[in-house]
Amino acid sequence: MAEPTASVREVDPVLSTHNEPKTPALLAWLVLAITLWLALRSLGGLLAEVQVSGAASGGMESLASGLSLDVVADTKALLETWHAATGSHRVISWTALAYTWLDVSLVVAYSILLLQCWRRVRRHQPPVLKDVPVNLTVLRRFAHWRLAWILVPFAAFADLAENGLRWVLVDRALRGHDVDNGLIIGSWTATTMKFALIGAFVAVLVVLLLDSTLLRTWLWRSLWSLWRLRVPLVATALFVVLLLADATGQAVDLARRWADDGWALAGGGLAFVGSLLLGLTVWLVARRVVLADHSGRADKPVRWWAWLLAVAVGSGLLAWWRGLTELFAISVLSSAVLVLGLLWGTRATNNVNQEKIKDKAADSRQQDAQPMDLVKIVAARRVVRILAIASPVTLLMLGAVAYAPVLPVLVVNGDGGSQLAMRAFTVLAIAIIGPPLAAVGLYVLLRAWDGTGKDKLDTRERKYLYVAGLVLGLAVFSYFGAVLHVPLVSVFLVVPVFLATMMLLLGEAQLWSERHTAPPGLLLVGFTRLPVATLLVVDLLVASFLFNDGSGHAVRRDGTLPSEIARDGKRPGLDLTGAFAAWASANCAGAGDEDRQVPLFLVAAPGGGLRGAYWTASTLSELFGSSRSTQVSGCDAAPSDRIFAMGGASGGSLGLVAYSAGLDATPARSKDWYEEQVGRPDFLTDPLTWMLSVDLARGFVGFGGADRAARLEDSWTRHMPSMGDDFFAGTWGLGGHRPVLMLTGTQVESGCRLNVSAVRLTDSAGRADGSGCTTMRVGEAQTDGPVTSELIDFLCGPTDSSTPSSLTNASAALLSGRFPYVSPSGQLYGCSTEADKATRTAIVDGGYAENTGVGMLLALWLKLERLIAVHNAVAANATIVPVFLMIDNHYSEVAAVEPRKVVEGLVPPLTQSRPDKLDDLAMLQQAAATFTGDLPGTSGKCNIDTEAGRFVSISPSTTPGLPAPQAWTLSRLSIEDLTQQRTTILAIPGATNARDWAEGGVVCQ
């Protein structure tokens, strides 16, 4: 190895704009490498969707990798999983092939990136400092070797070998050939060499940077710049995290909506404009507020005592006069600052040097106003350019994440030549090529607009006024477009425009605060200027926790509660005996039908957002028909009449209510009504826009009117007209044929389940004596539903607390699906004999308490089983065969390779999320065990499935695809996946028998 030279090439310590290359190639290759890596992760995750219970799971990166001592066994177990999924071989093969070629592209990108970094470090920095000793360490000697770059091609060669060997492993496994251990060991060796060589080369770069002191200088300047640009940093980071760190998959599926149709694609383009404006706003606000020269300004004195007194008194009077309780927070904060100011110079602060504090605050403001030195200006400008390009580039990267798995799935499904595939391919191409081009183009443009480091910034530059006007105009368009449901407007437009608007407002407020003196009260506690953003956050917290009584988010109550549920000042609930008798009579199960077997279905639907709603509504329509327009054989009843009760949580509840409410619609709805009414609408943009506008303002002021929960209900009602009908009317026992609904909500203050139903599961006398939902039950109440409260006990008002009111189907469904922050917790009021004494309770998503929807039905079963047993014991009656249907929208769980050989600490991080899943599993096992064995009241058996008894679970099948997210909007690609999954799962014996039984052909197995 050649001895490194000791000569030094001097570098200008001021890295001005002229020192930068004309084209930031390093940035382009960095962005391309990140884009390809994100796309690879998404594509590899497609293979992890092969869900076989008890088998190994993972993607391409799981093959022959890791530090496991059983790498050969682990790899073979994963390959066996893919081989066993015979129906998924084509999609696995295509995905593995696409992954291999995409990884090859990543190899090229990161190789060029690393070589460019090495070249830049050696070209722009001195190889060895003047004071470096002649005797270098081995690492430093190697780092300064002119051929150290050779590590990169060796790493690339190892990576290519790894890709080739992995492809051979997958291909042999899918063909059913034995996988040689040597191939696995060879692939593991190539992977290990790749990471070792890349790690060594990164160490070389770090050594070169440390020797030139550039790393420490760069870090110091960058950290200083980020601190000065902390507001733009927070806004940009928030947008990036919302897009790329979304655990629910909502952001990815929203991006997949761009391929739905032309309007959606145009909406994606408009979203990019919104993200571009956010980036430009970040750049311009930073230039105007942080980087501009404000040295000519003067601190303007403010008569704070007069202003604070006026604000405190005025907001307090307005809050008292108009009942805007949240306004008291402004009054309290203003009064607190005023009082602190009045303490100035008193005995309480006689040890405080007032003039010293004032001078220190003035010096701080003046120092920030002074022009920065050239080095800091250049560093800050570079940082703010990166922040400016981050938003639009991240949105394009999200497209790569969303569409990388799409093409293999479409090709395998035979849709490779469809318009959907063409749009998806177009978006994917733009999403991969676009980020580096956009990053370079925007960076070059902003650098040109920045000029040289010596150019003085104008605080009133025209670009700022133009962009501010565009942002405000687009903010108005996005707001009205969202609330009027214009197809072009999506969440991806609303969020960046909101952040840009807030940036403009906060920037102007910060600029004003730095040009005026601060209140003495704030100076006393250490502030040097008026902290606008901090005061806004504190005010919102004070208003929310001290002055918000929840009335602004009260659950809608509409109509009169049926007399069968509430009468004579009491709320005994629906008479279950009468409801069962009505069901038996309508289903020809009474006296004279002794030779008939009649199925009685109980249906449970777990939560899962709109995915749960769509899966539930579509599956029920396939099994029992979309309306009551058809009849079962031998009886004047519809197949849907076989359902006696349904229980759900969150999105599953919405699906149950939507299905049940429209059974008697006139004219009868189509067979695939759920496509347009449930699957296609965007139920997210409207409430989210309302949250960022009206509800945000409500948090400060406390005015009344519809909140975002009401907006969501209105959206459901608009797309599903029957959702506006009364929730209780028309069920069994209340003059109709609709199933009894047992939806689950969660009480915030107790964690108990809220039974959203007409049927009472608890003892009314026990609740009347004031005992809570967590009280241990005794006597007759031992059969009460555990940790359960009743909706019918909380349907009164805060003032007239003795008159219970009803609610619509939409309100009832949302009571079970209030998932923050799309909808707030809903306020309900208990019924009391004294006005203004109503007990308040806040309700959130039922999934917090019990997400399966099974719990309420099992509590009902304790009462219903006795009725069925008595009925079946009468020889002249038809035999009722109870069947439990579990319509579960959750994709099958993926099992681990084997139990982890790790002893966890006091707080086991690997099992923190499991208790809730185990509770749900226990509930399912209890239901499965309950619906087996002899029929109630008889010694006979009648199984709908020879293996599962009278318990049937209908959930997405075990195949890789594009899993739908747990969200409030679905792309067409997600809907197609759910449709294919539903077609597959409804072919199982339990599901086909359920359809046949509902139509009148009960055959006991």
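These are my notes from looking through a predicted model of one protein chain.

**Ground rules.** I number residues from 1 along each chain as its sequence is written, and my side-chain values use heavy atoms, with hydrogens and water left out. Since the model is predicted, local features need pLDDT of at least 70 and side-chain atom pairs count only at pLDDT 80 or more, while totals for chains, interfaces and linings use all residues.

**Whole chain.** I started with secondary structure and got 32 helices and nine strands. Helices here are DSSP runs of H or I with at least four residues, strands are E runs of at least two, and both are numbered from the N terminus. Next came burial: 53% of the 1005 residues are buried. For that I call a residue buried under 20% relative accessible area, exposed over 50% and partly exposed in between, with a 1.4 Å probe and protein chains only. The accessible surface is about 43300 Å², and carbon and sulfur atoms hold 62% of that. The areas come from Shrake-Rupley with a 1.4 Å probe, and for residues only the protein chains shown count as cover. I also checked contacts (heavy atoms within 4.5 Å). Of those between residues at least 6 apart in sequence, 81% join residues at least 24 apart.

**H5 against H6.** How do helix H5 (residues 151-175) and helix H6 (residues 181-211) pack? Their axes are 8 Å apart and the angle is about 155°. I take axes as lines fitted to C-alpha atoms, for helices over the stretch in contact, with angles from 0 to 180 degrees between N-to-C directions. The crossing is left-handed, meaning the near helix is turned anticlockwise from the far one by less than a right angle. By class I have 18 nonpolar, three polar and five charged residues in the contact. Nonpolar covers Ala, Val, Leu, Ile, Met, Phe, Trp, Tyr, Cys and Pro, charged covers Asp, Glu, Lys and Arg, and the others, Gly among them, are polar.

**H8 against H10.** Helix H8 (residues 230-244) and helix H10 (residues 262-291) have axes that come within 10 Å and cross at roughly 165°. H8 is therefore roughly antiparallel to H10, and this crossing is left-handed. On the H8 side I find Pro232, Thr236 and Phe239, which meet Ser275, Leu278, Val282 and Ala286 in H10. Those split into five nonpolar, two polar and no charged residues.

Leaving out residues up to four places away in sequence, Val107 touches Ala156, Asp159, Leu160 and Asn163. Its C-alpha is 9.6 Å from that of Pro153, 46 residues away in sequence. Arg140, in helix H4 (residues 138-143), comes out partly exposed at 23%. The C-alpha atoms of Arg140 and Leu208 are 7.9 Å apart, across 68 residues of chain.

Thr666 and Pro667 are joined by a cis peptide bond, omega about -5°, and Pro667 sits in the loop between helix H23 (651-661) and helix H24 (673-679). Ser650 has a positive phi near 55° without being glycine. I place Ser650 in the loop between strand E2 (643-649) and H23, and Ser650 is buried at 8%. Cys588 also has phi near 55°, in the loop between helix H21 (576-586) and strand E1 (597-605).

Technical notes: Angles under 35 degrees count as roughly parallel, over 145 as roughly antiparallel, 65 to 115 as roughly perpendicular and the rest as oblique.
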